[in-house]
Number of protein chains: 4
Amino acid sequence: MADVEADKLVISDDENHPANLIPSLCAKFWTLGWVTGTGGGCSIRNDDLVYIAPSGVQKELLKPLDLYVLSLSAQNTPERTYLRAPPRYKPSQCTPLFLAAFTRRGAGCCIHTHSQWAVLVTLLLEQQQQTQQQGNARVFEINNIEQIKGFGRGFQKTGNLGYHDTLRIPVIENTPHEEDLTEYLEAAMEEYPDTYAVLVRRHGVYVWGDNVHKAKTQCESLDYLFQLAVEMKKLGIPWISDIARIAPDRT
Amino acid sequence: MADVEADKLVISDDENHPANLIPSLCAKFWTLGWVTGTGGGCSIRNDDLVYIAPSGVQKELLKPLDLYVLSLSAQNTPERTYLRAPPRYKPSQCTPLFLAAFTRRGAGCCIHTHSQWAVLVTLLLEQQQQTQQQGNARVFEINNIEQIKGFGRGFQKTGNLGYHDTLRIPVIENTPHEEDLTEYLEAAMEEYPDTYAVLVRRHGVYVWGDNVHKAKTQCESLDYLFQLAVEMKKLGIPWISDIARIAPDRT
Amino acid sequence: MADVEADKLVISDDENHPANLIPSLCAKFWTLGWVTGTGGGCSIRNDDLVYIAPSGVQKELLKPLDLYVLSLSAQNTPERTYLRAPPRYKPSQCTPLFLAAFTRRGAGCCIHTHSQWAVLVTLLLEQQQQTQQQGNARVFEINNIEQIKGFGRGFQKTGNLGYHDTLRIPVIENTPHEEDLTEYLEAAMEEYPDTYAVLVRRHGVYVWGDNVHKAKTQCESLDYLFQLAVEMKKLGIPWISDIARIAPDRT
Amino acid sequence: MADVEADKLVISDDENHPANLIPSLCAKFWTLGWVTGTGGGCSIRNDDLVYIAPSGVQKELLKPLDLYVLSLSAQNTPERTYLRAPPRYKPSQCTPLFLAAFTRRGAGCCIHTHSQWAVLVTLLLEQQQQTQQQGNARVFEINNIEQIKGFGRGFQKTGNLGYHDTLRIPVIENTPHEEDLTEYLEAAMEEYPDTYAVLVRRHGVYVWGDNVHKAKTQCESLDYLFQLAVEMKKLGIPWISDIARIAPDRT
């Protein structure tokens, strides 16, 4: 399959071509600690074409010729067919999870990180439920932080969340095999139709967006909030506050 | 508006031209975690011309051709007129806040960060007032730290703060719409005429200076102090101390 | 010894040649805080040839011509013979430890870091045994974290650890002279035949792998887990949990 | 003074020339958080010539033509004469402190950082003395950490500290004017003749070495130990331990 014709799918002079964007994004994500030790990844959809990094590569060294390309419309055929495959790699176990964001939410890009801040937030929720018998370990909630405005209001809605809105990110339990997360991820999408992210306990987070720009900036904003939430916990500051402010809400 | 003539306002071979400085500064700020997920920004004033980044861009990818240029003297006309606008963006909601620093303090540059250290300092002040019924949540104060000398003594004053001086940064409450912060920012400038920065609760900080060099180094020094203050809090060390030292004060 | 013929052993246009990889890896490790102040290092084995950085160099400045090359099969001769030596350096004290990984585990690459996270983990284990009279200060254990899957199942075994598997890294006591660690490192390899790493109390960690890719990604994953473990400790979250999950285990 | 002839003192094609090294080192130090907001600095001595950065510059932007050059032997003349001065800057207030390291310890390079870890260590020592009535706030002591071996044994001594040796760094009180620290720095050098560094309370640290390599790697090792010490304090682990180990001490 890795023939000359198929390779054209990942060769472009345009720095904004998905085959060039994925390596440059992954290199950036490596410096942020999101894709340490081959963990995590990133996939971009361009109409029907899905570009995706292989399994087990060092993300800061990724090259366009390392990428898989598959057809979204053909992905439910018994044997998922790759339009282009790199010669020496295996497909990523994240593939069905990325595809869920593309097919169920029309996402244009999906990012998976192993950020420690994401993992710590899921551990803190678990701890809170176990030790204090309070709270819900299955959803991360935070409000009254400006960075919340970095998120879209939800699926097929226009505009972004407001400062006083509560951002809610569902948490699913991890499974031994990453592929097996798919059904739980999809269920979380059903339960929280407006979310752009799903946390995976003791594992990391999946974040998507309508396009690369939105997926990347939402992922950054979320990681910012996770880190802030961990620091708030260390300092004894609650994630949810009820600031009763009446401020002019102009639109 | 994005015509060839107007574009000349943002095209220059000089690396110190505002249209080149804003992108290079923003890229640096991104690595510092100040402008995560399109948050934060930077504006430079050159005499009557104000250069400003658009709303919602990835700051580490900013290009000179993305910038707005407006005339400071014309900014109070009913419809603020841009001398140059990029084709596909919207003006930043920070614009009136940057302009306040330019018109009321004669600043040459204003930086807005979402630094987590700034946010945590405002949260700690809030917590201190709520739980201990002490302190003033509306001003951050620190003294007897060398880095305080990184700040000018105040508006139209010469020289810098001394080691034993107390640095005071007012804190205003956040509003749902960033533009609505303007009146509170201006009120804080009135109440603390010598401050070069205003913290915004649960949001970040605005820092300015007479020129790019001063705005940038004051912003760095302040972020340093915010981070130090958070670590001091974790270790139980108070921000204000009364070291009664009599040291030779040569000028 | 540093003659023209021997220098050819470290001169190559191939960026994946060991003499080029060691400097680029060490520069990367420096930014990660693993080889601060000339501490730590990295060695690569290519069949019988072993490439190794000298003692006491700034790792981010390392050049191919700074490297030693020795023959693995000749390394037990009374006087270890270097096939190539840089003119002005001394061999690294880590040499016998790197060789232990090559000869006893068939490793292709071995990395030694002074990562603070590794040091803190060994201190926490020591503290736990001293103050709580519980736990075993001689082994670091963690389970139910996704990043554990970044490790091979063990020496001459295929496949990687699973999410629910417990990762065990033995800890040896530090010695005044690094060379003297060799016998303890080898003993730990005997006691934990499947480990790919050995922690050294108050010192750092040695991590190896069948090849450069595996050693580097295992070292990254381990450092990630050490950092996470320290943060978990600060937040009161135990490293070992018993999540009794029955998830489909497809292979 | 900034004439063509004098400028030759700072123009060289050799990347290891002091006039090139100081900018490249300062840029690196900026990324490490050592010279934030124009704080801190670095000076190199080459025989009788001393190269030194000016006051108040952004250290990551420093250029060779920004540097001062002065003669060490002429520095005690009533008016210190600069062999070369940049046109628009002022000499650094750190100058007499750097010179103290050159004249009293024969150092070839001296680095001054505002590292937060250094500042926090001095604050913790102060706190310990005030609240627990124990310990000596005027000296930082740590032992049984491998990185201690990164320090020379002392002035005019050969060899490095050992793993079990206690590293002692004296702490002096800060003064409103940096120049006024000189006498206290010199007194600390007298009291601790073997130290390669002096901490300045609530300010930072001065570190030197026989040459650039040693000053830089000792400064890195020390910052590593300061950071480790702060984290140890957060986790309740003492800086001094008495591990009675009898390990073979081969020399």
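The following legends describe close-up views of a predicted model.

Local features are given where pLDDT is at least 70, side-chain atom pairs count only at pLDDT 80 or more, and totals for chains, interfaces and linings use all residues; side-chain values use heavy atoms, with hydrogens and water left out. Residues are numbered from 1 along each chain as its sequence is written, while chains are lettered from A and ligands numbered from 1 in the order in which they are written.

**View 1. The interface of chain A and chain B.** Contact, meaning heavy atoms within 4.5 Å, joins 31 residues of chain A to 33 residues of chain B. The size of an interface is often expressed as the accessible area lost when the parts come together. Here the two chains bury about 2900 Å² between them, 53% of it on carbon and sulfur atoms; this buried area is the accessible area (1.4 Å probe) lost on being put together, summed over both parts.

View 2. Three salt bridges are counted between chain A and chain B, each being a side-chain nitrogen of Lys or Arg within 4 Å of a carboxyl oxygen of Asp or Glu. Lys28(A) forms a salt bridge with Glu60(B), and their closest N and O atoms lie 2.6 Å apart.

View 3. Chain A is divided into domain 1 (1-92) and domain 2 (95-108 + 115-250), with bounds that come from an automatic or database domain assignment. The centres of the two domains, taken over C-alpha atoms, are separated by 25 Å.

**View 4. The interface of domain 1 and domain 2 of chain A.** In this interface, 19 residues of domain 1 are in contact with 15 residues of domain 2. The domains bury about 1400 Å² between them, with 68% of it on carbon and sulfur atoms. Zero salt bridges are found across this interface, whereas five residue pairs, both at pLDDT 80 or more, are in polar contact.

Definitions and conventions:
A polar contact is a pair of N or O atoms within 3.5 Å; within protein, one must be able to donate a hydrogen and the other to accept it, and residues adjacent in sequence count only if both atoms are side-chain atoms.
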